[in-house]
Protein chains: 2
Amino acid sequence: MLELAILGFLYEQPLHGYDLKRRVAHLTGHVRPIADGTLYPAIKRLERSGWLERQTEPGSRAAPRHMLTLTSAGREELLRRLREAGETDISDENRWFTVLAFLRHLADSVAQAEVLRRRQAFLTQPSSFFYEGAQPLRAEEAGDPFREGILTIARATSEAESRWLDATLARLDAEA
Amino acid sequence: MLELAILGFLYEQPLHGYDLKRRVAHLTGHVRPIADGTLYPAIKRLERSGWLERQTEPGSRAAPRHMLTLTSAGREELLRRLREAGETDISDENRWFTVLAFLRHLADSVAQAEVLRRRQAFLTQPSSFFYEGAQPLRAEEAGDPFREGILTIARATSEAESRWLDATLARLDAEA
DNA sequence: AGCTTATACCTAGATGCCGATGTATATCGA
DNA sequence: TCGATATACATCGGCATCTAGGTATAAGCT
């Protein structure tokens with residue numbers, strides 16, 4: 001998910017690690033902070049795979065920067081990861097938001113719609129957090145205010161997202 | 001987060017691994033499936049720490065079960081983890097929902113309210129996913145429908161949760 | 001001149017998670 | 001009776017992540 005974010009940000013423009021760090025921190029970081037010891041090894045991995053290259057530049061205010069640029073293989077890789085998103089990328093909200101943040105780069109409204117439809121299918125399938133035997137519990141039956149909260153919040157999110165998905169898919173289908 | 005879920009479910013009643021697996025899968029699993037290779041080592045860790053004990057029972061329909069029971073140290077540990085939740089437990093939705101699912105076990109409305117207030121503080125602090133320089137971008141300015149979606153959905157969730165938090169905190173404060 | 005802060009990058013060790021694989025038992029339908 | 005399925009538990013290798021440290025430069029303040 002971190003690698004996806006790195007590829008996604010670099011697709012738009014070359015960036016150095018520190019800048020990347022700030023952007024990734026905003027995207028997922030207010031929720032799940034990203035450590036240096038996670039970011040820099042990830043950059044190295046992507047470099048070793050041939051998806052990005054670095055040029056050393058004098059730092060504007062401090063130590064020299066390593067400007068990172070996506071290679072054409074790297075651009076391919078981002079598009080592949082978006083098109084062939086894993087199940088967890090679709091279901092986990094953090095990962096899904098990362099996919100969504102860079103889905104614009106897919107630049108093909110049919111492919112974009114396909115990804116959105118996978119999320120739509122996931123949201124449509126009935127699922128609850130708590131069960132009484134095989135019977136899913138409703139918010140009112142959760143048994144305590146906290147579990148009620150979970151169900152209430154999850155429902156509100158799901159409804160807002162479904163509305164947005166319906167509207168956006170209609171627009172994408174009209175384009176195609 | 002997995003350990004918290006295990007401690008939480010076992011706080012209510014003794015369970016065997018397979019049953020635990022189903023419950024954890026429902027709690028977080030429709031979003032982030034839990035692998036056997038993750039669950040069973042986690043159970044072992046908790047056992048080694050003295051937080052749970054196992055008794056072998058003949059399986060109802062198959063291989064023998066290991067019934068897992070929380071020790072009193074294990075019950076203490078759950079309460080401690082709820083009271084002293086880490087920052088990521090508060091900010092990450094998956095983790096937060098896990099905390100919420102077992103917060104009823106804290107059985108002290110003041111302590112419960114304290115945890116909720118930490119989440120409230122997190123939701124209140126301004127934060128965006130995308131920035132134009134230092135300026136956070138609004139949903140309408142996101143630049144593409146997908147980033148607009150992120151901001152729209154996040155706002156809807158945040159508003160629903162804030163309403164629920166306000167109402168629940170009012171009730172908890174009235175109790176105390 | 002010395003201190004702090006922000007910038008900028010890096011590594012080592014530990015840990016938790018995943019995927020793959022293995023073992024075994026009981027039930028049920030073909 | 002044979003295979004498929006659900007139950008039930010476990011290990012191992014690999015990998016991403018976190019924690020905790022470290023190095024170095026430039027700017028601004030006192």
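Entry one, chain A contacts. I found that 53% of the chain A contacts with a separation of 6 or more join residues 24 or more positions apart; two residues are in contact if their C-beta atoms, placed from the backbone, lie within 7 Å. A note on the ground rules: this is a predicted model, where local features need pLDDT of at least 70, side-chain atom pairs count only at pLDDT 80 or more, and totals for chains, interfaces and linings use all residues. Residues are numbered from 1 along each chain as its sequence is written, while chains are lettered from A and ligands numbered from 1 in the order in which they are written.

I noted eight helices and five strands, with helices (H or I, at least four residues) and strands (E, at least two) taken as DSSP runs numbered from the N terminus. Along the sequence they read α-β-α-α-β-β-α-α-α-α-β-β-α. The radius of gyration, taken over C-alpha atoms, is 20 Å for chain A, well over the 16 Å that the globule rule gives for 176 residues, so chain A is more spread out than a compact globule. That rule is 2.2 Å times the number of residues to the power 0.38. I also wrote down the span of the C-alpha trace along its principal axes, about 60 × 40 × 25 Å. Of the 176 residues, 28% count as buried, meaning 20 or more other C-beta atoms within 10 Å of the residue's own, with C-beta atoms placed from the backbone.

I see 33 residues of chain B in contact with 34 residues of chain A. On the chain B side, α2 (17-29), α5 (87-91), α6 (93-102) and α8 (145-175) each give two or more residues, and α8(B) gives the most, with 13.

Entry four, DNA strand C. I located 28 residues around DNA strand C, and the closest are G17(A), G37(A), A62(A), G37(B) and A62(B); near means a C-beta atom, placed from the backbone, within 6 Å. Elements giving two or more residues to this surface are α2 (17-29), α3 (36-48) and β3 (65-70) of chain A, together with α3 (36-48) of chain B.

I traced an open sheet of three strands in the order β1-β3-β2, with antiparallel pairing; strands pair if DSSP finds at least two bridges between them. H16(B) has M67(B) as its bridge partner in β3(B).

Terms used
A residue is buried if 20 or more other C-beta atoms lie within 10 Å of its own, exposed if 12 or fewer, and partly exposed in between; C-beta atoms are placed from the backbone.
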